[in-house]
Every structure is written in C-alpha cells, then in structure tokens.
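Here's a protein chain to get to know. Have a look at it first, and then we'll walk through it together.

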Amino acid sequence: MQTALSYETVKSNLEKLEMTSAGSSLDNVLEVGRVEELSAIEIIDRLLDIELKARHQRRVDINYRFSGLPYKRSLEEFDFSSQPSVDEQLVSRLATLSFISEGTNVLLLGPPGVGKTHLAVGLAIKAIEAGNRVYFVTMSNLCRKYRSYSARGHKDRLLTVFARPEILIIDEVGYTKLDQDESVFFFDLIAMRYQKRKPIIITSNKSWGSWGDILPDRVMASAILDRLLHYSVTINIQGQSYRLKEHRTIGQIIEQENRKED
C-alpha cells in the first residue's frame, strides 16, 4: 500500500514539476532498476538524465525554428579539398564555439559561390546543437525589416530582437547598397552587439577596402569596421564557385554524351 502511494506521489510530483520525459519514463526506469538492482540514487540520476536530455533537445528544436537558417549543412559536409584557401584548423577551432564566450566576430570574405554561407550555417548548427540561440538574416532582408519596423516607430524593438541571440549571422553583405538611415541602423546594430560582446558572423563578397562602396560614406564604413574587426577572425576564401563548377561538370557530361551519340 505504501509503495503504491509513494509511486503515485512521485508520478504526480513529476507532472507538477513539468518533468514530462522523466514521468513518461518512470515505469521503464523502475523496471530497469529492479532488474539491474540499482540504488535509489542511481534511479534518480537516470530519470534526471532523461529529463535533461529531453529538455536540451526541445531547446535545440526551438532554436532551429527561430534561427531562420536557409538550410541545414554541417561543417563536416564542407569540401575543404575544393577550397584550399580555407584554413581547416582555424575552422575546427571555431567549431569548439569558444568564439561565443570570447565575443569574437567571424568574417567570411570571398566571391560568390565559394562556401561562405555554408561555413556560417555550419558554425550556426554547432552553436544550436550546443544549446545556443542563433539568428540568420541576409543584408537585404535586414534592410526590409528595418524599413518595416521603422515605419511603425519600432526601430528600437528590432534592435532588441537582434540583441537576443548568442550569434547573429548577416549574410550577403555587399550586394545591397545602404542608404543613410539603413547605414545608421546597421551601425547601431554592430555597436550594440560590440558593447555586449556578442559575436556576429558576416559573409561578404566585398573586401574591407570596398565597404565604402556599399555605405553612404567612408566615415560610416570606418566606424562599423572598427567595431567589427576589433575582436574578430577573418577568413578570406579564394577559388572557383561551387555552383559554376557543378554547371561546368554537367556541361562536360552532356557534351561527352552528345559526342557518343554522334
């Protein structure tokens, strides 16, 4: 009678504490404990481990949905042999995520199609799976969001949104020329995260010296770069576009097939 009462109490308390995974696993863990002759503390440890892993996975799932990542492509899928200019050891160090606690920005520069966004997404996936919040936005979409929020008088609210994630990824900087208001907002965003020591990952097809071309003046470009580069790692990627390489390969295959038919 006492055992049944204790079981129902434990089951009820797990529900009250919203330990749903531990509660649903209680019967199984108790049976394993009986068979393996586990101590009470070992049974409790297993239940807590189940609950913690489930909560971590729920957090990861939520962070994936929040992140806005355009796709899931891991660092392990990156073809370093096709891009020898990328320092694989440096990327491996970044994959430890120490740059988050250090507040170090990661700046990926290079022409279109060389894997900048893939590396950014791969680092984001590592961070998300470790329980961190990430937000991905292209520069053109950032400008659209700014105009939308600004029109309603909520510019500060948008800055708050961009302040929350442990990592903010701004993709494709350089394709969109910013006007004065957009540039001021971009500066405010960079300055805010710089003060909070929260890292930004930026991909750009422009060298630092060319950022004056996408901003209204070089003074603004200098102020932004000063904060971005103070705590940063820059990876310059050179080489051929993956997409163009694939098109050439397909073209060669078609050409070979045509020759066979002739």
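Predicted model: local features only at pLDDT ≥ 70, side-chain atom pairs only at ≥ 80, totals over all residues.

Averaged over the chain, the pLDDT comes to 89, and 90% of the residues score at least 70.

Which elements sit at the two ends of the confidence range? Strand E2, residues 134-138, has the highest mean pLDDT of the chain's elements, at 98, while helix H11, residues 242-261, has the lowest, at 49. Within residues 247-254 the pLDDT falls below 50, and that stretch has one contact in the model beyond near neighbours in sequence.

## The chain at a glance

The chain is built with 11 helices and five strands. It has 262 residues, and 41% of them count as buried.

If you take contacts between residues at least 6 apart, 79% of them join residues at least 24 apart.

## The sheet

In what order do the five strands line up? They go E2-E3-E4-E1-E5, forming an open sheet with parallel pairing. E2 and E5 are the edge strands, each pairing on one side only. On average, neighbouring strands are turned by 15 degrees against each other, ignoring direction.

Let's step across part of it. E2 and E3 run parallel and are joined by five bridges; here Phe136 has Ile169 in E3 as its bridge partner. Between E3 and E4, also parallel, there are four bridges, and Ile169 has Ile201 in E4 as a bridge partner. Another four bridges join E4 (residues 200-204) to E1, where Leu108 stands opposite Thr203. Is E3 mostly covered or mostly open? Mostly covered: six of its seven residues are buried.

## Helices packed on the sheet

Helix H6 lies across E1, E2, E3 and E4, and runs at about 165 degrees to E4. Helix H9, residues 180-196, also packs on the sheet, where it touches E3 and E4. The direction of H9 makes about 145 degrees with that of E3.

In soluble globular proteins, nonpolar side chains tend to be buried together. Here the largest nonpolar core has 32 residues, and the members touching the most others are Leu69, Ile169, Ile201 and Ile235. Several elements each supply at least two residues of this core, including helix H3 (40-67), strand E1 (105-109), strand E3 (167-173) and strand E5 (232-236). Which element gives the largest share? That's H6, with eight residues. Apart from this core lies another one, of 30 residues, with Ala163, Leu178, Ile190 and Ile224 among them.

Technical notes
Residues numbered from 1 in each chain as written. Heavy atoms only, no water. pLDDT = per-residue confidence, 0-100. Contact = heavy atoms within 4.5 Å. Buried < 20%, exposed > 50% of the residue type's maximum accessible area, 1.4 Å probe, protein only. Core = buried A, V, L, I, M, F, W, Y, C linked by side-chain atoms within 4.5 Å. Pairing = 2+ DSSP bridges. Axes fitted to C-alpha atoms, helices over the stretch in contact; angles between N-to-C directions.
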